[in-house]
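Dear colleague,

Here is the structure that I promised to hand over, with the sequence alongside. Please look it over before reading the notes that follow.

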Amino acid sequence: MDKIIVEGGWRLSGQVKISGAKNAALPILAAALLVDGWCEFTNVPQLRDVDSIKQLITHLGAQVETPEPGVVRINAGGLCNHEAPYDLVRKMRASVLVLGPLVARLQKARVSLPGGCAIGSRPINLHLRGLQRLGARIELEHGYVEAAAEKLCGADIYFDVVTVTGTENMMMAAVLAEGVTVLKNAAREPEIIALAEVLTQMGADIQGAGTSEITITGVSALQPVKVAIIPDRIETGTFMTAAALTGSRIEICDCEPTHLNAVIHKLRLTGAQIDIRKDSLTIQGRDEIASIDIKTLPYPGFPTDMQAQFMVLMSVAKGLSVISETIFENRFIHVSELKRMGADITVSGNTAMVRGMAALSAAPVMATDLRASASLILAGLVAKGRTEVQRVYHLDRGYEAMEKKFAALGAAIKRLPV
Ligand code: EPU
């Protein structure tokens, strides 16, 4: 597996372009399963997770083409297989996003249960309960979910906790159901709005996406579409945090600043200056970083996917920071690696106390989660010496050419094939 080597202590400068959003691309590519005909998606990030969903969609009988980098064409006219096997689902939990479209199109689905992952147990009980509300019979057998319904019928679905992929799965199941479905306590992430816009362009009737109540009136069929994937707000936030961390001035292009209000607010409180334009922004970091507290929450709160990166920033800030993780029960896996780089962090339950210090020191590190891996690259940018980040596999799942983008900004960073 490749490693990334980072030599700390360099300022960043210049411009970086943000790629399409992983967490928007995955449900939108899955939504192509709802359509008989060629859909075309542009600004699709080149990531392992995108490769995984393309492989799964192909396995289900759809045609998938990549005519050029960043473009994916899917025709699910030949959709014939209703099974998402363990070998594909275990590579990527978001494979569960095919459940809704399969039941809607084929009236049945057999999808391997994703199981836990490094950041938490991550059940899919709310996806299954939602499908049951729409009239599907659900059975769990031999590690698989089997769902079947001669016909899905609209219903009120209340989510006990806000779930992003749960909301997406129910939207995709409900668009072809008979009658009206109301999703209550729905997720409000920009990726939900992006999926709703794509489904609407396909001919679906969806009201309220972006609020906690989404109303879907079923239609009989959907049409092919051509759409671009929205910019990745977590990649944007990661580069912003890198600038704040290294006291650098960088311009971030092709992004959507309105999707980052909570992150921008918090970065400003640390002392960073941020100038926002329509689809770009400039951030100027400061040499002295102020400590602030963070609590992760569903959107529009502070994103859990930015928590690890902010913890690095707080590790070199002045003062004490309290970081509370309320979304996932085990999302502090980066803490032990950051401590090996000298960070002063104490974890108690879902809270981390970070005592900021002047500098981190380089070390060989590895992480078993995507955002944790990104945080280690950030730590390497400010650590004294040469940090070796192993298991880059996780990073490649969700960041397009991250080390190349940092190298173009002037960081001393390179990938070593092992
Ligand atoms: N939950 C349940 N039951 C369910 C579904 C969720 O209890 O049926 C719980 C989860 O265990 C968790 C909470 O609800 O405690 C929120 O989980 P959610 O379902 O929202 O997470 P997800 O949909 O599996 C997506 C992103 C994650 C991101 C979370 C939270 C995708 C493909 N993944 O996951 O992204 O952290 O929402 O914002 O959209 C990442 O990109 O690194 C990543 C992990």
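Grid points are joined across faces, edges and corners, and a volume is the space filled by probe spheres set on the points.

Please bear in mind that this is a predicted model, in which local features need pLDDT of at least 70 and side-chain atom pairs count only at pLDDT 80 or more, while totals for chains, interfaces and linings use all residues. Residues are numbered from 1 along each chain as its sequence is written, and side-chain values use heavy atoms, with hydrogens and water left out.

The second largest pocket has a volume of about 270 Å³. Of the 18 residues lining this pocket, Leu245, Thr246, Gly247, Asp287 and Val382 are the closest to its centre. Helix 8 (233–246) and helix 12 each supply at least two residues of that lining, and the largest share, 3 residues, comes from helix 8; helices (H or I, at least four residues) and strands (E, at least two) are DSSP runs, numbered from the N terminus. By class, the lining has 10 nonpolar, 3 polar and 5 charged residues, where Ala, Val, Leu, Ile, Met, Phe, Trp, Tyr, Cys and Pro count as nonpolar, Asp, Glu, Lys and Arg as charged, and the others, Gly among them, as polar.

Turning to the ligand, 21 residues surround it, and the closest are Asn125, Thr163, Thr165, Asp305 and Ile327; a residue counts as near if one of its heavy atoms lies within 4 Å. Domain 1 (2–19 + 231–417) and domain 2 (22–228) both give residues to this shell, so the ligand lies between them, with domain bounds taken from an automatic or database domain assignment. Helix 1 (22–31), helix 5 (125–133), helix 6 (164–174) and helix 12 (370–382) each supply at least two residues of the shell, and helix 5 gives the largest share, 3 residues.

An oxygen atom of the ligand is 3.0 Å from an N or O atom in the side chain of lysine 22, and for the side chain of asparagine 23 the corresponding distance from a ligand oxygen atom is also 3.0 Å. For the side chain of threonine 165 the value is 2.6 Å; a polar contact here is a pair of N or O atoms within 3.5 Å. Taken alone the ligand exposes 830 Å², of which the protein buries 87%, with areas from the Shrake-Rupley method and a 1.4 Å probe.

The structure also holds 1 cavity of 30 Å³ or more, lined by Arg249, Gln273, Ile274, Asp275, Thr282, Ile283 and Gln284. Strand 16 (273–276) and strand 17 (280–284) each give two or more residues to that lining.

Finally, two points about the backbone. A cis peptide bond joins tyrosine 299 and proline 300, with omega about 15 degrees, and histidine 142 has a positive phi, near 50 degrees.

With best wishes

Key:
Polar contact = N/O pair within 3.5 Å; in protein donor to acceptor, adjacent residues only side chain to side chain. 1 Å grid on protein atoms, 1.4 Å probe; cavity = no way out; pocket = protein on both sides within 12 Å on 5 of 7 lines; lining within 4 Å.
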